[in-house]
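Subject: Structure handover and what was found in it

Dear colleague,

I am passing on the structure we spoke about, and below it you will find my notes. Please read them with the coordinates open beside you.

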Amino acid sequence: MGILNKYLGNSTPLNLRVALDKCAVSNSEKGKAYLYKKYYGYVMAIVFRYMKHEMEAEELTNECFVKIFSKIESFSVHEDDTVLEKTFKAWIGRIAVNTSIDALRVRKQMYICLLYTSPSPRDR
């Protein structure tokens, strides 16, 4: 195990608080990987409820994580671990919902543009 710890650089396993600190302070890839693996299913479930297509949902889930990692320093860390877990899940859930709604708005605008720019059957 000593060799593994030497190359991994940390002998203690990550938890949410440590991962958030690593992401906010040093932009750690290890912290990001921990958050991504732990919350991917949760974010995907939220996005999939809105998008209904698996490929779109996967793409938007990754977009959500890009937003989460870029805004992680604005998240306020609570002292209690159970409260921290709940507030973080609520925070990333809100980001997932807002990203999904934005994508649906864009899809609707594209559909309307295509509807008005395509020739009608009478014009053919």
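The helices α4 and α5 are oblique to each other, since they pack at an angle of about 125° with their axes 9 Å apart, and the crossing in which α4 passes α5 is right-handed. From α4 the contact draws on Glu56, Leu60, Glu63, Cys64, Lys67 and Ile68, while α5 contributes Phe88, Trp91, Ile92, Ile95, Ala96, Thr99, Ser100, Asp102, Ala103 and Arg107. Sorted by class, the residues of this contact of α4 with α5 are nine nonpolar, two polar and five charged. Please keep in mind throughout that this is a predicted model, and that the values in this message are computed from it.

To set that pair in context, the secondary structure of the protein comes to five helices and zero strands, and the pattern along the sequence reads α-α-α-α-α. Of the 124 residues of the protein, 29% count as buried. Among the contacts in the protein with a separation of 6 or more, 56% are accounted for by residues 24 or more positions apart.

Ala96 is found in helix α5 and is buried, its relative accessible area being 0%. Once residues up to four places away in sequence are set aside, Ala96 touches Val43, Ile46, Val47 and Cys64; of these, Val43 and Val47 are listed among the α3 residues that meet α4, and Cys64 is one of the α4 residues in the contact with α5. The C-alpha atom of Ala96 is separated by 9.3 Å from that of Lys67, a residue 29 residues apart from it along the chain.

Ser100, whose place is also in helix α5, is buried with a relative accessible area of 0%. Leaving out its neighbours within four places in sequence, Ser100 is in contact with Val47, Tyr50, Met51 and Leu60.

The pairing of α3 with α4 is the next one to examine. Helix α3 (residues 29-51) and helix α4 (residues 54-70) pack at an angle of about 130°, and their axes lie 8 Å apart; the two are therefore oblique to each other, and their crossing is right-handed. On the α3 side the residues involved are Lys32, Leu35, Tyr36, Tyr39, Tyr40, Val43, Met44, Val47, Phe48 and Met51, and they meet Glu54, Glu56, Ala57, Glu58, Leu60, Thr61, Asn62, Cys64, Phe65 and Phe69 in α4. The residues of the contact of α3 with α4 divide into 14 nonpolar, two polar and four charged.

A further pair involves helix α2 (residues 16-26) and helix α5 (residues 81-117), whose axes come within 10 Å and cross at roughly 60°, which makes α2 oblique to α5. Here Leu16, Arg17 and Leu20 of α2 make the contact with Asp81, Leu84, Glu85 and Phe88 of α5, and the residues involved divide into four nonpolar, no polar and three charged. Phe88 is also listed in the contact of α4 with α5.

Most residues other than glycine have a negative phi.

Finally, a word on the cysteines. How many disulfides does the count come to? With a disulfide taken as a pair of cysteine sulfur atoms within 2.5 Å, the count comes to zero. Cys23 counts as buried at 5% relative accessibility, and Cys64 is buried as well, with a relative accessible area of 0%. Cys64 is listed both in the contact of α3 with α4 and in that of α4 with α5.

Key
Residues numbered from 1 in each chain as written. Predicted model: local features only at pLDDT ≥ 70, side-chain atom pairs only at ≥ 80, totals over all residues. Heavy atoms only, no water. Axes fitted to C-alpha atoms, helices over the stretch in contact; angles between N-to-C directions. Helix = DSSP H or I, 4+ residues; strand = E, 2+ residues; numbered from the N terminus. Parallel < 35°, antiparallel > 145°, perpendicular 65-115°, else oblique. Left-handed = near helix turned anticlockwise from the far one by under 90°. Contact = heavy atoms within 4.5 Å. Nonpolar A, V, L, I, M, F, W, Y, C, P; charged D, E, K, R; others polar. Buried < 20%, exposed > 50% of the residue type's maximum accessible area, 1.4 Å probe, protein only.
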